[in-house]
Amino acid sequence: MEVAVLICGVADPKWPLPQAITLDALHAHASRYAALSPFDEAALELALKLRDRDASVRVCALVAGDDALARRVAGWRPDSVHRVDLEGVPRWDAAAVAHALAQALDALAREAPLVLIGREFGDWDDGTVPAALAQAAGRPCVALALAIDHRADAAWVLRQGSASLERLRLPGRALLSATNDPGNRLRHPLMKNVMLAKKAAIPAWRAEAAADALLSLQAVEPAAAPVRRAACEWLEGSTQDKAQALADLLRAATKA
Amino acid sequence: MQVTVILPPWLSDRGERDALARTGAALAAGGQLDVLACTGAADVAALVQRAAQELQAEAGLRRLVVLPAGPEGEQAAALIAVRLGGAPLGRCTHLAVEGGIVAARRAVFGGRAEIELRSQAALTCATFSADAGAAASAPLPPMRGIALDAPPAFEAEPVAETAAFPRVEGAPLVVSGGRGIGTPEGFDLLARIARAVGAGVGGSLPAVDAGWVPVAHQVGQSGKFVSPRLYFAVAISGTPQHLAGIAPAARIVALNSDADAPIFARCDVGVLGDWREILPLVAARLESPP
């Protein structure tokens, strides 16, 4: 069985964004400080765990990033790695990204019954791309997956539902968006595999540019800091005083 | 432009439902408004199936569909938009209708930058966190009840959770912990405080990553958006990604041992100190009669 895992990467949040924020500056920054997001890592680890349990599972990684990020992913030794070039696709348009990724899946991992993706696909997404991709690729969408359990009859997905955890019986073909959980924290790659990845040939697949743009980007700016109504009021005194003041504040808020 | 507001079954807080309906009315500005108050199973697939039926295209009519922000809201909005050939905008911080065009702002790069988008699609879907206090005096628009009766998309089993913390959704107070908590026991203490005052328990992404609090309680850009009266942030540094999940109207009380923590530049009340020393005393005081 083939399992496709889609990886995007994010700009490492340890590094501040450029002071002059433009589209080109953001793209350059994201490429220079590319890192896997916690959600990319969760998706990759779920795929590797499936292969650990069943040696017939083949992991196909599709990396929508530059060559360096694709090589980093290759360090975890998926069975195949492809770089998906989204240069002609407006990254702020989740539907356009989803349609490009659906093309990539069709071209590179058509037979994979299971597609894994992080719950957010890169810096421009806030959780829209995975569901949009499921719809574009004609696959049922299982969001916020934490783990995949195997039983005799089928695979079951442990996911975070709107009110509680639930376990879903996995249909034949599906797209799972993975969320971060201690159970799917990405393992360390073996050094020998990291070294092999540096020399690996990683093919690139280029998505077609979107034909008709429904969304236009008007501006990109630094985020405005949340506006607070007043300067910070400090609670001073001994530990006992601070605890009492905090308890009083919390009690008062219940009566407001 | 017809504005359709979808109030899904999982949005249980009355104040948040009313606030989103009023937001829709303001966007419609006296034009066509349809508020769908959905009841029944909290199943995204069932909601999408029914919404797609309700939103069948009428030639020449542009539509804006608004759902509540949150993981399920973004999922439903994306599924509806792509299914009907429209444009999903994602989680918007600002929405406006200008001459038949939808203008929106949303965060990118983990809340560190913002973009402004314009949609010319016949159908545009967005999610939005309405501020419950902002337009409370505006009249509540009429709502249309929709019963979701489609069977669940997947065979499901409930799972018993080991650590059942009070939920943050609709909570009037939220007690939240971050990386500096350092242990799961710290969250047990936060839960004691939360139960004593009827608060929800939240956590930052690093705390969820560490497994101290379930992902359902994650507050921030990648988690829940909360709009409590008071947000008690314990050992949370105050990254933009985390603060993006807190309504601007919420009063933030921060406890942190690092005087340089960015949270102190954003909070209303600051306490410099070690949570290990202060929180047990706070819990004891709140658990005893006033």
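Author: Angles under 35 degrees count as roughly parallel, over 145 as roughly antiparallel, 65 to 115 as roughly perpendicular and the rest as oblique. The model is predicted: local features need pLDDT of at least 70 and side-chain atom pairs count only at pLDDT 80 or more, while totals for chains, interfaces and linings use all residues. Residues are numbered from 1 along each chain as its sequence is written, chains are lettered from A and ligands numbered from 1 in the order in which they are written, and side-chain values use heavy atoms, with hydrogens and water left out.

Reader: Why are helix 7 of chain A and helix 7 of chain B called oblique to each other?

Author: Helices here are DSSP runs (H or I, at least four residues), as strands are (E, at least two), numbered from the N terminus. The axes of helix 7 (residues 239-255) of chain A and helix 7 (residues 275-287) of chain B cross at roughly 50 degrees and come within 8 Å. Axes are lines fitted to C-alpha atoms, for helices over the stretch in contact, and angles run from 0 to 180 degrees between N-to-C directions. The two helices are therefore oblique to each other.

Reader: Which residues make the contact between helix 7 of chain A and helix 7 of chain B?

Author: Among them are Leu246(A), Ala247(A) and Leu250(A) of helix 7 of chain A and Ile278(B), Leu281(B) and Val282(B) of helix 7 of chain B; contact means heavy atoms within 4.5 Å. By class, the residues of this contact are eight nonpolar, three polar and four charged. Ala, Val, Leu, Ile, Met, Phe, Trp, Tyr, Cys and Pro count as nonpolar, Asp, Glu, Lys and Arg as charged, and the others, Gly among them, as polar.

Reader: What makes helix 4 of chain B roughly parallel to helix 7 of chain B?

Author: The axes of helix 4 (residues 184-197) of chain B and helix 7 of chain B cross at roughly 30 degrees and come within 9 Å. That angle makes helix 4 of chain B roughly parallel to helix 7 of chain B. The crossing of these two helices is left-handed. Their contact includes Leu189(B) and Ile193(B) of helix 4 and Leu279(B) and Ala283(B) of helix 7, and its residues are 12 nonpolar, one polar and two charged.

Reader: Why are helix 2 and helix 3 of chain B described as oblique?

Author: The axes of helix 2 (residues 44-54) and helix 3 (residues 71-83) of chain B cross at roughly 40 degrees and come within 10 Å. Helix 2 and helix 3 of chain B are therefore oblique to each other, and helix 2 passes helix 3 in a right-handed crossing.

Reader: How do you know that Arg251(B) and Glu233(A) meet in a salt bridge?

Author: A salt bridge is a side-chain nitrogen of Lys or Arg within 4 Å of a carboxyl oxygen of Asp or Glu. For Arg251(B) and Glu233(A), the distance from N to O is 4.0 Å, and the pair is a salt bridge.

Reader: What does the salt bridge of Asp79(A) with Arg58(A) tie together?

Author: The closest N and O atoms of Asp79(A) and Arg58(A) are 3.3 Å apart. Asp79(A) lies in the loop between helix 3 (67-74) and strand 5 (80-85) of chain A and Arg58(A) in strand 4 (residues 58-63) of chain A, so the pair ties together parts 21 residues apart in sequence.

Terms used
Left-handed = near helix turned anticlockwise from the far one by under 90°.
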